[in-house]
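Please read them with the model open.

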Amino acid sequence: MMDMDLVFGLFVVGLPLFMLAFAWAMGVWISNRHEADLAQRELAVARILVHNTGRLQDAVAGPQPPVMITSEVTLGVDHFRGFLGQWKSLFGGQVRSYQMVLDRARREVVMRLLEQTDAMGYNALANLRIDFADISGSALARRKAADISVLASGTAYYVATESSHPKS
Amino acid sequence: MIVVNTETIPGYHVTSVLGIVQGNVVRAKHMGRDIAASLKNIVGGELKGYTELLTESRRTAIERMLSQAQELQADAIVNVRFSTSAVTQGAAELYVYGTAVKIEPIVQASMVS
C-alpha cells in the first residue's frame, strides 16, 4: 500500500512539474526558431522605407495609387512563462518573459506588413500603426497565460529609389 | 476606391470631404478553435486560428466601411483607423473608421522633390 501512495504522490507532484518543464523546453525552442526566422526575413525587406508619420515623404506617382494594408498575429504565451509572470506579479517589477513575447509579436506583425508591401510592388510604408486587441477578454483577470494579439496597418506607396534613402 | 491611413494621397488632391464612414463587426471564437488554441497555448507560439479570426473580422469591417463610402459616392477614404474592444469574454469588436472624400488627380508633374 505504501508503494501505491508513493507512486500516486510522485504522479501528483510530478505531472505539473513535467508539464512546466515540457512547456519551458518547447517555449524556448519555438521562440528561438521564430527569432531566427525573423532575423532572416528582416534582411529581405530592409530596403523598404518605413515610418510612422502621416506625410508621404518623397512620394512619387507610381503605376498604382497608394493603398492601405493591414496585418495581424496572435501569439500565445507558454505556460511556463505564464507561470513565471504570475509569480512575478506577487513582487512587482519587470516581467521579462512577457516583454520578449510582445516584442516578437510586434516584429512579426510589422514583418508581415513589409512583406505585403514588397509583394504588391511598393517600396515604402507610411503611417505605421500598431494596436493590441484583447480577444480573449481580459486574460489577466482570469489568471491564465495571455494570448497576445497585435494588429498593424500602414499605407504603402512609392518613393524615388535614389532619393534620401541610405539603405538602397 | 483608394483607401489609405494617411491624410493625403500622393498624386491626388482632395476636392471635398463627405464625412465619416465606418464599419464594425463583433466576432466570437468557436469552441473548436478555442480548444485547439488552448492546447497550443501550453507551449506558446502563433495561434493561427485566432490570427485568421482577426483577419476575417478586419476584412468584413473594411467591406462594411467601403459600402458606406460607395453610398456616398466617394472616390477615396483617408485617415483610416482601427480600434478593438472586448465586449464580453470570448467576443471582440473590431471597428474601423475613416473620412470619405472626393479626389482629383494632380495634372502637372509637380511631385518631384
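1. Of the 113 residues in chain B, 33% are buried (20 or more other C-beta atoms within 10 Å of a residue's own, with C-beta atoms placed from the backbone). The model is predicted: local features need pLDDT of at least 70 and side-chain atom pairs count only at pLDDT 80 or more, while totals for chains, interfaces and linings use all residues. Residues are numbered from 1 along each chain as its sequence is written, with chains lettered from A and ligands numbered from 1 in the order in which they are written.

2. Chain B has two helices and five strands, in the order β-β-α-β-α-β-β along the sequence. Helices (H or I, at least four residues) and strands (E, at least two) are DSSP runs, numbered from the N terminus.

3. Chain B touches chain A through 33 of its residues, which meet 43 residues of chain A; contact means C-beta atoms, placed from the backbone, within 7 Å. Elements of chain B giving two or more residues to this side are strand E1 (2–3), strand E3 (45–46), helix H2 (48–71) and strand E4 (76–88).

4. Strand E2 (residues 67–76) of chain A pairs with E3(B) in the antiparallel sense over two bridges; pairing requires at least two DSSP bridges between the strands. Leu75(A) has Glu46(B) as its bridge partner in E3(B).

5. Helix H3 (residues 96–119) of chain A includes the buried residues Val101(A), Leu113(A) and Thr117(A). Just after H3(A), Gly121(A) has a positive phi of about 95°.

Notes. Contact = placed C-beta atoms within 7 Å. Buried ≥ 20, exposed ≤ 12 C-beta atoms within 10 Å, placed from the backbone.
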